[in-house]
Amino acid sequence: MGAFEPFEAFGDLDEISERLESPDPSVRRLAVIDLVETSSGEAIPLLVRTAGDPSAEVRLQVARALGEFDGVDVAKALVGALTDSEKDVAKAAGDSLAELRDSAASVVLLPLVTHSSAFVRAAVFRALKALQVSASLGPAVIALGDADTAVRVQAVGVIGYLKKTETLPSLIHATRDEDADVRLAGINALSFARNEVAAQAAADALADGEWQVRAVAAETIGRIGQISATAALTHSLADSYWQVRQKALQSLGKLRARTAVVAIIPFLEDALPSLRKDAAAALGDIADPRARDALAACAQDEDPDVRKTVIWALGQIETRN
């Protein structure tokens, strides 16, 4: 046999187009799959045409297939599928919209940010997030007051991805939202702002009633990189959830917070190996000689990862002092 040709196994576009007219929905569905396999931009018009197929099974396949392509026509077809009577089709359309990278598609999406359906609004903001077009900022800020949680979450994502310092007040507002998912999104989005205002907002969230929010807040402080939040992080080492304590340890290490060394050392004897390891890593990052003896005492820890990290930390202290 000769070399493999792109359409050899799947048929050329004309042949696939004929199968899209088959009375058998299973044949049409397989034809849609073959269109994707061609990886040809010429498949887009055929997929767009098939997006209105009477079979939900075929429409679902088309909604998934369009995620492999890009452009305004693709965006139009997927937007239409967002209101499909079958929830699986609508969800697949939303997932595929989020894969768009052609900023020109924003002209299709922006008019829908006030759509009557909360599902559509959320899907549109989710897609706009990836496109990172400045025109989406105003609508996203307004959407922080949307009655639907999913819409607010996606609107926060749009604002965060644009990474504009002037949006910091809006993100801080989101960190105080009534819904924990929105607060999580808002705190995550603060990471781009490497200033004390963002760090203070994340530090305030360390007192949130949801441990997941507190854990993300502790992690975000490490990303922001402001030493001013050290005291709040150190206090979080006493949190009732080990996940929060772990993120606090990691961030204190990133901040090289010498004032936290005394509070970190006891974690070298924690019952959880992961916390012992993170404590050793944090002490290595900080490299304060005061931790040398405590680390040396743990050099024979029963957990190999902890032992390895302890040895590394001791090396850091010797190298940097």
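Q: Are helix 14 and helix 16 roughly parallel or roughly perpendicular to each other?
A: In this predicted model, helix 14 and helix 16 are roughly parallel to each other. Two packed helices are described by the angle between their axes and the distance between the axes. Here helix 14, residues 211-224, packs against helix 16, residues 242-254, at an angle of about 5°. An angle under 35 degrees counts as roughly parallel, and the axes of these two helices are 8 Å apart.

Q: Which residues make the contact?
A: On the side of helix 14, the contact is made by Trp211, Arg214, Ala215, Ala218, Glu219, Ile221 and Gly222. Helix 16 contributes Gln243, Val244, Lys247, Ala248, Ser251 and Lys254.

Q: And how do the residues of that contact divide by class?
A: The contact of helix 14 with helix 16 has 6 nonpolar, 3 polar and 4 charged residues.

Q: New topic: how much space lies in the largest pocket?
A: The largest pocket holds about 190 Å³ of space.

Q: Which residues line the largest pocket?
A: Its lining consists of Lys91, Gly94, Asp95, Phe119, Ala122, Ala123, Arg126, Ala150 and Gln154. By class, 4 of the lining residues are nonpolar, 2 are polar and 3 are charged.

Q: Which helix gives the most to that lining?
A: Helix 8 gives the most, with 4 residues. The elements that give two or more residues are helix 6 (87-97), helix 8 (118-131) and helix 10 (149-162).

Q: What about the backbone; what is phi of Gln132?
A: Phi of Gln132 is near 50°, which is a positive value in a residue other than glycine. Most residues other than glycine have a negative phi. Gln132 sits in the loop between helix 8 and helix 9 (137-143). Gln132 is partly exposed, since its relative accessible area is 45%.

Q: Where is Arg256 found?
A: Arg256 lies in the loop between helix 16 and helix 17 (261-264). Arg256 is not a glycine, and it has a positive phi of about 50°.

Q: Turning to helix 17, is Val261 buried or exposed?
A: Val261, which lies in helix 17, is buried, with a relative accessible area of 1%. Buried means under 20% relative accessible area.

Q: Which residues does Val261 touch?
A: Not counting residues up to four places away in sequence, Val261 touches Leu283, Ile286, Asp288, Arg290 and Ala291.

Q: How many residues apart in sequence are Val261 and Val213?
A: Val261 and Val213 are 48 residues apart in sequence, and they are 25 Å apart in space, C-alpha to C-alpha.

Terms used. Residues are numbered from 1 along each chain as its sequence is written. This is a predicted model: local features need pLDDT of at least 70, side-chain atom pairs count only at pLDDT 80 or more; totals for chains, interfaces and linings use all residues. Side-chain values use heavy atoms; hydrogens and water are left out. Axes are lines fitted to C-alpha atoms, for helices over the stretch in contact, and angles run from 0 to 180 degrees between N-to-C directions. Angles under 35 degrees count as roughly parallel, over 145 as roughly antiparallel, 65 to 115 as roughly perpendicular and the rest as oblique. Contact means heavy atoms within 4.5 Å. Ala, Val, Leu, Ile, Met, Phe, Trp, Tyr, Cys and Pro count as nonpolar, Asp, Glu, Lys and Arg as charged, and the others, Gly among them, as polar. On a 1 Å grid over the protein atoms alone, a cavity is a set of points where a 1.4 Å probe fits but cannot get out, and a pocket is an open set with protein on both sides within 12 Å along at least five of seven lines; lining residues have an atom within 4 Å of a point. Grid points are joined across faces, edges and corners, and a volume is the space filled by probe spheres set on the points. Buried means under 20% relative accessible area, exposed over 50%, partly exposed in between (1.4 Å probe, protein chains only).
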